[in-house]
Amino acid sequence: MALSSSSSSVAINIVLLAFFFLILTGSSSSAGLSPNFYSKSCPRLFNTVQSVVHSAVSKERRMGASLLRLFFHDCFVNGCDGSILLDDTSSFKGEKTAGPNNNSVRGFEVIDAIKSKVEAVCPGVVSCADIVAIAARDSVVILGGPDWKVKLGRRDSKTASLAAANSGVIPPPTSTLSNLISRFQAHGLSAKDMVALSGAHTIGKARCTIFRARVHNETNIDSSFAKARRKTCPSTSGSGDNNLANLDFVTPNNFDNHYFKNLIAKKGLLHSDQVLFNGGSTDSVVRAYSKNPKAFESDFIAAMIKMGDIKPLIGSKGEIRKNCRRAN
């Protein structure tokens, strides 16, 4: 049956309304974040962040790994909201002194320097949470890793939680494989995502106190590798605790797939590294990444983007901090 002209116009209007509704709701998908979020409000953002990160990593290659880790430790505690950057106040105890972070997480001064430069070119526009996300990407690229478009539009938390950071949501270096998988799955990240993100240990260093038990007590470790690590990490607690070792002893300053080759050779520095290749369900993923660096890079990018989607503050939630260390 043919529609009258008035009926057809009503039908068209309904279709148009439905279309615009899809556009509106679609714009809030993928956690409401977009790579183009600051394209008009702060067009110089990326160049500004990159210049500071490049300078910091040029001075100390390890800083690239530290900035990448900062993003992970922020996102895993109540989402990617910049809460890890907040100093303690009289009204709350922040995350910096939590077990996984104390004497371990670093790079706060670099974030401060980036924020200062960004505020100079577009004051009150860019969140600290987004700065951490961009700095993590830039660190990977500067150290020879893959590039990707960082989704942006996060706002900053007004508070932080020591209890949340200490609750075990950040898996410790003593983790079993099942614990690693479950901790990542709790944030919507698969076992494959977890292995790919663990590949970030292709750069950076760890303190003796973190790997002492592995190099002295564990058996699924190459004997010559363990012997070399013991030279700078005595078995006695309190002796050489802060001595550092490269997480990837082959190419410690290059973002590549040597981390996975090391695991196959039983040369993972941390217990939580070697459990990824120890007769368990993730062995096949480690083997694949050891043979195919492009597959690792592709999966790492996908996992980093997924991690960046963890519970962001968007819209009117949170704030844009003037100083990353304190709420406005």
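The model is predicted, so local features need pLDDT of at least 70 and side-chain atom pairs count only at pLDDT 80 or more, while totals for chains, interfaces and linings use all residues. Residues are numbered from 1 along each chain as its sequence is written, and side-chain values use heavy atoms, without hydrogens and water.

Let's start with the helix pair. Helices here are DSSP runs (H or I, at least four residues), numbered from the N terminus. The axes of H2 (residues 45–59) and H4 come within 9 Å and cross at roughly 150°; axes are lines fitted to C-alpha atoms over the stretch in contact, with angles from 0 to 180 degrees between N-to-C directions. H2 and H4 are therefore roughly antiparallel, a label for angles over 145 degrees. Among the residues that meet are Val49 and Val52 in H2 and Ile114 and Val118 in H4, where contact means heavy atoms within 4.5 Å.

Next, look at the loop between helix H3 (62–75) and helix H4 (108–121), where you will find Thr97. Thr97 counts as partly exposed because its relative accessibility is 38% (buried is under 20% relative accessible area, exposed over 50%, partly exposed in between, with a 1.4 Å probe and protein chains only). Beyond its neighbours within four places in sequence, Thr97 touches Asn102 and Leu162.

Finally, turn to helix H13 (residues 283–291), whose buried residues are Asp283, Val285, Val286, Tyr289 and Ser290. They sit on the same side of H13 because they cover an arc of only 165° around the axis, taken from the directions from the helix axis to the C-beta atoms. Those buried residues of H13 pack against helices H8 (191–198), H11 (258–264) and H14 (293–308).

Note on methods:
Helices (H or I, at least four residues) and strands (E, at least two) are DSSP runs, numbered from the N terminus. Angles under 35 degrees count as roughly parallel, over 145 as roughly antiparallel, 65 to 115 as roughly perpendicular and the rest as oblique.
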